[in-house]
Amino acid sequence: KQWYQRRVMGSVSQTAPASQGPPTLAMTSIQVDPPTAPENIKKGLLDSDNKTYKLEQDIGTMLYDELWPVCQDGNSTETDAKTREFLKRVVDILLDHITIQNDRGTKIVDFHTPEQLKEVIDFKIPDEPLNLDQLLVDCKDTLKYQVKTGHPRFSTNFLSGWIVTSLAGEWLTAAANTNMFTYEIAPVFILMEHECLKKMREIIGFENGDSILAPGGSISNMYALMIARHKAFPQHKKYGMRAIKGQLIMYTSQHHHYSIKGGASAIGLGTDNCVQVACDERGKMIPEELEKLVIKHKNEGH
């Protein structure tokens, strides 16, 4: 996202237009009907037989500052028409990609080495902004040389396939451009999150509890280490490691994920205190070996 933004804006810092005033929040009234464009704009843009505004300039030759929300001067209908036309072209590129990646006769990836890819795509971030046509070319090239993870023959241990309705949800989320800090900033998404997490807890049999969405498995493992430490030593929250007498030791499989040791380092235990336990031929931790290590470390005063 940042790369595309800098390509069309240039690397020179730009100042966004000042806000028209602080946003207002109405908690006592709920708009039931979905938001739509004003009738005068919608009629002019969507009714091809009676279109009230026609772009005189090709959208590809324009710059980002002629679109919403940067452009705040001139004819608002013209700005809206430009913005809609640009986004329609982007959507066309995305839809073409969806069609291509669902064709079993196409390659999953048109592989190029980093050196070859740098010859095909200009990754440099210019000082001056590029026109919108270049951004559209960048969009096409990005999808052309990217791994087609939605291809029927694609599968990995991390992801496999995709669902069109979920894609629509991602587009909606990007358009909303919000965060999940508080109910005041994202009322609908906050309630969605609570309901999704509630369902996930029900699936694994948790009748009570709380949940949080993590950005990935490594962070989730670190959260788990922090929770385990807090469960055993709740006073750590206030006093830190000095609340724990002796050296705290954690145990993990010899086949553990690298994020376990990384988490031990991040939360202050230290990698030397993340002890690996031997496993059997099936990759299962050997309980007897774990017991030996626990007794050994306890005898050492940990």
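Mentor: Start with a cut-off. A residue counts as exposed when its relative accessible area is over 50%, and as buried when that area is under 20%. Keep in mind that this model is predicted.

Trainee: Take Lys-54, then. Is it buried or exposed?

Mentor: The relative accessible area of Lys-54 is 64%, so this residue is exposed. Lys-54 sits in the loop between α2 and α3.

Trainee: What separates the C-alpha atoms of Lys-54 and Lys-82?

Mentor: Those C-alpha atoms are 9.6 Å apart, while the two residues lie 28 positions apart along the chain.

Trainee: How many of the residues in the whole protein are buried?

Mentor: The protein has 302 residues, and 23% of them are buried.

Trainee: How do I judge which parts to trust?

Mentor: Read the pLDDT. Where it is low, the predicted coordinates should not be read in detail. Here the average is 87, and 85% of the residues score at least 70.

Trainee: Which element has the lowest mean pLDDT, and which the highest?

Mentor: Helix α2, residues 39-46, has the lowest mean, 48; strand β2 has the highest, 98. Residues 13-32 are below 50, and the model gives that stretch 8 contacts beyond near neighbours in sequence. Residues 46-51 also stay under 50, with 5 contacts beyond four places in sequence.

Trainee: Now the overall layout. How many helices and strands are there?

Mentor: The protein has 11 helices and 2 strands. Read from the N terminus, the order is α-α-α-α-α-α-α-α-α-β-α-β-α.

Trainee: In what sense do the two strands pair?

Mentor: Follow the bridges. β1 (residues 250-253) and β2 (residues 274-277) pair in the parallel sense, over 4 bridges. Tyr-251 has Val-275 of β2 as its bridge partner. Thr-252 is bridged to Gln-276, also in β2. In a regular strand, side chains alternate between the two faces of the sheet.

Trainee: What do β1, α10 and β2 make together?

Mentor: With helix α10, residues 258-266, the strands make a right-handed β-α-β unit.

Trainee: What is Leu-136 in contact with, leaving aside neighbours within four places in sequence?

Mentor: Leu-136 contacts Phe-86, Arg-89, Val-90 and Ile-93.

Trainee: What share of the contacts with a separation of 6 or more joins residues 24 or more positions apart?

Mentor: That share is 60% in this protein.

Methods. Residues are numbered from 1 along each chain as its sequence is written. This is a predicted model: local features need pLDDT of at least 70, side-chain atom pairs count only at pLDDT 80 or more; totals for chains, interfaces and linings use all residues. Side-chain values use heavy atoms; hydrogens and water are left out. Two strands pair if DSSP finds at least two bridges between them. A crossover is right-handed if, with the strands pointing away from the viewer, the path from the first strand over the helix to the second runs clockwise. pLDDT is the predictor's confidence in each residue, from 0 to 100. Contact means heavy atoms within 4.5 Å. Buried means under 20% relative accessible area, exposed over 50%, partly exposed in between (1.4 Å probe, protein chains only).
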